[in-house]
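Welcome! Let us take a friendly walk through this structure, one part at a time.

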Amino acid sequence: MPDLASEFAHALARAAAALGAPDGVDIGVEPSGEPTAGDLSSPVAQRLARHLRRPPIVIAAELAEAVTAAGIPHVALVTVSGPGYVNLRLDDATYAPAVIAEALAPADERLLAPARERAGKTIVEHTQVNPNKAAHVGHLRNACIGDTITRVLRARGVPVEVQNYIDDTGVQVADVVVGLRRLALSQGRDEPFDQFCSRVYVEICRRYEAEPALVEERRRTLQAIEAREQPIAAEARAVTTRIVEANLATMARLGIDYDLLTWESDILELGFWRAAFAEMRRAEILEHPLVGPLAGCWVLPRSAVGESGDDDAGESGDSASGGPGAARVLVKSDGVATYTAKDVANHLWKFGLLEQDFHYRRWAPGGPATSSAVAADGDLPGGRFGHGDRVVNVIDQRQSAPQLAVREALRRLGHRAQADALHHLAYEVVALSPAAARSLGVDTDDGRSMYAMSGRRGADVRADALIDEVGRRVRAKAGDERTANRLAAAAVRYYLLRFSLGAIITFDFDEALRTTGNTGVYLQYAHARACGILTRVAPLSLPERAPALSGPERELVKCIDRLPQVVAAAHRSLAPGLVATYAFQLATAFNDFYEHTGRIYRIADPELRGFRRGLADAARATLARALGLLGIVPLDRI
RNA sequence: GCCCCCAUAGCUCAGCGGAUAGAGCGCCGGCCUCCGGAGCCGGGUGCGCAGGUUCGAGUCCUGCUGGGGGUACCA
């Protein structure tokens, strides 16, 4: 059974169509802004007024009549109010038990998307830490967004494959290879390898300025890595393997995992890039200038005006956001392919447009699969990876231009459907507040409002360090170590998810380490409290009719019933923050209910007792569901 | 220069073109004869500026101002 808001919307849509409304008019059902008018409201009559050339209040009255006739369950009254709202007043007595029963059902089918949207496979790529250093909070934001979107899609019934692209042939890897070889730094006794490499990275970058020979060595090293020359390629692989292990361990602390790791070096070694390059040359979409600043490069030229905009302008929503694609160097004059070039090959593979495939094996027992350039005994069967119908790349906003270039390359190669199915889920970065920057040794005398994090300069907040620090803060009150770790994970995930994607998170230690108010710890506390109550009251059957509800009880019931709408919106807009905001509202509604209704174990009347317990249980179950979507493991006690 | 994003309360942020714009933090004052106080209650006129579209604009459009980013043979 669909949720009430959907039923209301459908009834209104049918009624509006009968009055001659155009298709696709937005019904806009939402909780009533004016609580005395009703519980759910729609302003659709006002939107139809112009088209139907009749006063909104008259249209509203007719819609209300039709909705009444539709006989939606649990509706006490359909009313018209204000300038033309159609409102539902719910019949608490049957509505509340129905909501509770739905919330306590083992699987919430109301979360499923329409079958059409569940067809086909979506590939979500996220994390993409350069495998030369420890992950910082910026990478954490990326991974939390990607992981939460994945959980939302899966809750909606969409098949998802999560990929983590390992860019192991870029310059930053060459930096660390050179640094390890030349700097003679030694790893501290308790220093994790990823942290050690971060230190090497900072130091080698500092040295480049004084020692041009090192810069030259980096260039040679990069070329060797790209050309798969041994032993340097193997040396690089050894470093990146250990870093990837460390990065995956960091992400696992927040419950983030992957189906497949795709290695850029495999893309090169298996000739994916060669094939993509050949195809692009065959299609004559590349330029190869012999003079000028780009002499000797292979370039994907800037799109001609109108060329990329002649189709379905705006259908994909973000085609207008990037402007025309900028000219993009794919192969440098020294013959080395750029990241964008390799990403074009990667995306041809993702969509199943390449004839070649990787070999696959298990990265670690119970872990993700990983691509491989060579076949081996016990390899996983090919063919089950890739072949996506839709691709969502979680990559920060600064990389919009290269992402656009990838899409443009697909389009010009004639893969128009795939170009349209490629979504860059752009989000803003995590920057440092002046206080945070200062504590990391950044000079803040220029008085800026925020400072960019930089792994290269060591001005970043390491992910593990943050999780550790939150863990220390909560340990005193947490029952045990495992609980403290889960609280820390909840705090960090919630902190990184509660902002909208377009907001720069100006990282501040005080804010990130807080455990009261709008935080993941508050959510966990509300859940644990609900569990605590339930253990004090034996399970009872739910009455068919609810007693008269108090204000907080009504609010809680309505909030519980909103989950399907929230998940649908999070899916539609790929906006994980909506789930975070909802979880906080639900926790608040539950705490309000808790504070303002009597102690359940003292209630003698079995019906009232059964109802209150059921409501607390439904709140618990729904909060657990919301937390699960956020990748937070709900705690039964703290 | 051109392109993109952002601007909402002292601070950090929510807010799908719809009714009286909401939270958290901070500050002040309350609430435990205990179902978990990491909680609850009370204390508030704030959508950068100027136009425009609309029955209706914090939300859409244009311009301006301020902040961030991109525009690399880095990724």
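In what order do the seven strands of the open sheet come?

## The sheet

The order is S10-S11-S7-S6-S5-S12-S13, and the pairing is mixed. Strands here are DSSP runs of E with at least two residues, helices are runs of H or I with at least four, and both are numbered from the N terminus; two strands pair if DSSP finds at least two bridges between them. At the edges, pairing on one side only, are strand S10 (359-362) and strand S13 (422-427).

Inside the sheet, strand S5 (residues 122-125) and strand S12 (residues 390-396) run parallel, joined by four bridges. There, Thr-122 stands opposite Arg-390 in S12.

## About the model

This is a predicted model: local features need pLDDT of at least 70, side-chain atom pairs count only at pLDDT 80 or more, and totals for chains, interfaces and linings use all residues. Residues are numbered from 1 along each chain as its sequence is written, chains are lettered from A and ligands numbered from 1 in the order in which they are written, and side-chain values use heavy atoms, leaving out hydrogens and water.

## Around the RNA

Now to RNA strand B, which 73 residues surround; the closest are Tyr-85, Asp-167, Lys-332, Arg-529 and Arg-599. A residue counts as near if one of its heavy atoms lies within 4 Å. By class, this surface has 27 nonpolar, 27 polar and 19 charged residues. Here Ala, Val, Leu, Ile, Met, Phe, Trp, Tyr, Cys and Pro count as nonpolar, Asp, Glu, Lys and Arg as charged, and the others, Gly among them, as polar. Helix H20 gives the largest share, eight residues.
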